[in-house]
Amino acid sequence: MGDTVAAMTEMQTLARVRHELLVLGDWAFDRLRSRVEGLTDAEYLWEPAPGCWSLRPGPDGTHGFEWDPHHPEPQPLTTIAWRLSHVTDILAGDRNASWIGLTPRGLSDEERRAAGEAATAAAAIAALERAYARFRSHMSTMDSETLLEPMGDVAGQWGKDTRLAFVLHELDELIHHGAEIATLRDLYRALHA
């Protein structure tokens, strides 16, 4: 009987942890969403310093990230467009499902990349909303009893990390990039008053 009670208590605890992750995600997303309300195209593409990474149109007209896989030091400052697209890419990624044992729903990574990044602020905000809805859908259907399990081979070099650690990492990305976007908006407003 003691083992049954302990197992039930652990299941309840893990269900509570998943609930708290969703609450934190909603709070962080709502804060970011409110901070990008009224974002103009001028702000979205504003380059606060020379050599910023941003979104640029490619030969086919679709916009893509500027990126260097060698990670130059220091890394260039990024625009709101770059950061917002990065957060969107993180939240919409197929790995948010596959690394926690689910089958991804919605547009695949390949389909999203083929469409390119949002060229306007309004399109970027709409893409962010879709990405968070996809992220939240995966997190809310995750089996909370598996939160402490390793992700396994699907996660490559992070396969020994738990599913909980991965979800926390994704939420950290949302929170810290959201703060960067908010700071860039504050700076733009201060310089263009």
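Ser 54 sits in the loop between α2 and β1; helices (H or I, at least four residues) and strands (E, at least two) are DSSP runs, numbered from the N terminus. Ser 54 is buried, at 1% relative accessible area. Buried means under 20% relative accessible area, exposed over 50%, and partly exposed in between (1.4 Å probe, protein chains only). The side chain of Ser 54 makes a polar contact of 3.0 Å with the side chain of Thr 79. A polar contact is a pair of N or O atoms within 3.5 Å; within protein, one must be able to donate a hydrogen and the other to accept it, and residues adjacent in sequence count only if both atoms are side-chain atoms.

Beyond four places in sequence, the contacts of Ser 54 include Leu 45, Glu 47, Phe 65, Thr 79 and Trp 82. Contact means heavy atoms within 4.5 Å.

## Basis of the model

This is a predicted model, in which local features need pLDDT of at least 70 and side-chain atom pairs count only at pLDDT 80 or more, while totals for chains, interfaces and linings use all residues. Residues are numbered from 1 along each chain as its sequence is written, and side-chain values use heavy atoms, with hydrogens and water left out.

## Overall architecture

The protein has 7 helices and 2 strands. From the N terminus, the order is α-α-β-β-α-α-α-α-α. The C-alpha trace spans about 65 × 35 × 30 Å along its principal axes.

Of the 193 residues, 39% count as buried. Among contacts with a separation of 6 or more, 75% come from residues 24 or more positions apart.

## The nonpolar core

The largest nonpolar core has 40 residues. Such a core is a set of buried Ala, Val, Leu, Ile, Met, Phe, Trp, Tyr and Cys residues joined through side-chain atoms within 4.5 Å. Tyr 44, Leu 84, Leu 91 and Leu 174 have the most contacts inside the core. Helices α1 (2–35), α3 (80–92), α6 (121–141) and α7 (163–191) each supply at least two of its residues.

Tyr 44 reaches well-separated stretches of sequence in this list. Leaving aside neighbours within four places, its contacts include Leu 55, Thr 79, Ile 80, Leu 84, Ala 118 and Ala 124.

α3 has 13 residues and reaches 18 Å from its first C-alpha to its last, close to the 18 Å expected at 1.5 Å a residue. The expected span is 1.5 Å times one less than the number of residues. In α3, 11 of the 13 residues are buried, so the helix is largely enclosed by the rest of the structure. Among the buried residues are Trp 82, Arg 83, Leu 84 and Leu 91.

Asp 94 lies in the loop between α3 and α4 (95–98). Asp 94 is buried, at 14% relative accessibility.

## Aromatic pairs

The structure holds 6 aromatic pairs. Rings of Phe, Tyr and Trp (its six-membered ring) pair if their centres lie within 6.5 Å; planes under 30 degrees apart count as stacked, over 60 as edge-to-face and the rest as tilted. Phe 29 and Tyr 132 have ring centres 4.5 Å apart and planes at 5°, so they are stacked. Phe 29 lies in α1 and Tyr 132 in α6, so the pair ties together parts 103 residues apart in sequence. Phe 29 is buried at 9%, and Tyr 132 at 6%. Ring pairs link Phe 29, Tyr 132 and Phe 135 into a cluster.

The rings of Trp 46 and Tyr 188 have centres 5.2 Å apart and planes at 75°, so this pair is edge-to-face. Trp 46 is in the loop between α2 (41–45) and β1 (55–57), and Tyr 188 is in α7, 142 residues apart. Both are buried.

## Leu 147

Leu 147 lies in the loop between α6 and α7. Leu 147 counts as buried, at 0% relative accessibility. Leu 147 and Arg 163 are 16 residues apart in sequence, with their C-alpha atoms 5.1 Å apart. Not counting residues up to four places away, Leu 147 touches Leu 14, Val 17, Arg 18, Leu 21, Met 142, Thr 162, Arg 163 and Leu 164.
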